[in-house]
Amino acid sequence: VGSRASTAYGSYIAADIASVLAESGWTVVSGGAYGIDAAAHRGALAADGATIAVLASGVDVPYPPGHADLFDAIAAHGLLVSEWPPGQLVSRLRFLGRNRIIAALATGTLVVEAGSRSGACNIARHARDLSRPLMAVPGPVTSEQSAGCHQLIREWHATLVTSPADVLDALSTAQPNPAI
């Protein structure tokens, strides 16, 4: 999981790690948003792997609308999930609920890029509360997009991830199903 306004670095890392995890038999779980979420879903799909998009709307309401094709691909090779009935539109509170579900479905949570106050950090809090492995990718110390990841590593003792192998190692005793 991570920032909607991801950098090229963050999108590359998310897609690369998701691809390797999918090739290793893990299902990638994320929120279908622009940025890191989309990169993770696309990475899993590129590897012919499974991915789950947890939506803050009904499964028949693509949000963001620009991801209609991505959601079609996910539905064909993975799963679209929502706690909301068909036709339900998004709202701020529904995104918070979606975050809780992402953390609950995932065996572990990897935050690739996130500001210090972000939805990705909200997902990380849920993962921590569920005693699930929590991981974060470091970035430039000058980047606001990495501030949340650095905080997770420093204050919440998230595992510092620099490669897909780090994620696989962190999840080595868990059953497959990480969220990116």
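Let's start with a pair of helices in this predicted model: helix 4 and helix 5 lie oblique to each other, because an angle counts as oblique when it is not roughly parallel, antiparallel or perpendicular. Their axes cross at roughly 45° and come within 8 Å, with helix 5 covering residues 119-129. If you follow the pair by eye, you will find that helix 4 passes helix 5 in a right-handed crossing. On the helix 4 side, the contact is made by Leu96, Asn99, Arg100, Ile102 and Ala103, and they meet Gly119, Asn122, Ile123, His126 and Ala127 of helix 5. By residue type, this contact divides into five nonpolar, four polar and one charged.

Now stay with helix 4 itself, which runs over residues 92-105. Its 14 residues, at 1.5 Å a residue, should span 20 Å, and the end C-alpha atoms are 21 Å apart, so the two values agree. Which residues of helix 4 are buried? They are Arg94, Gly97, Arg98, Asn99, Ile101, Ile102 and Ala103. Asn99, Ile102 and Ala103 are also among the residues that touch helix 5.

A second pair is worth a look. Helix 2 (residues 36-46) packs against helix 3 (residues 68-77) at an angle of about 45°, and their axes are 11 Å apart. That angle makes helix 2 oblique to helix 3. Here the crossing is left-handed. Ala38, His41, Arg42 and Leu45 from helix 2 meet Leu70, Ala73, Ile74 and His77 from helix 3. The residues of this contact divide into five nonpolar, two polar and one charged.

Technical notes: Residues are numbered from 1 along each chain as its sequence is written. This is a predicted model: local features need pLDDT of at least 70, side-chain atom pairs count only at pLDDT 80 or more; totals for chains, interfaces and linings use all residues. Side-chain values use heavy atoms; hydrogens and water are left out. Helices (H or I, at least four residues) and strands (E, at least two) are DSSP runs, numbered from the N terminus. The expected span of a helix is 1.5 Å times one less than its number of residues. Buried means under 20% relative accessible area, exposed over 50%, partly exposed in between (1.4 Å probe, protein chains only). Axes are lines fitted to C-alpha atoms, for helices over the stretch in contact, and angles run from 0 to 180 degrees between N-to-C directions. Angles under 35 degrees count as roughly parallel, over 145 as roughly antiparallel, 65 to 115 as roughly perpendicular and the rest as oblique. A crossing is left-handed if the near helix is turned anticlockwise from the far one by less than a right angle, and right-handed if clockwise. Contact means heavy atoms within 4.5 Å. Ala, Val, Leu, Ile, Met, Phe, Trp, Tyr, Cys and Pro count as nonpolar, Asp, Glu, Lys and Arg as charged, and the others, Gly among them, as polar.
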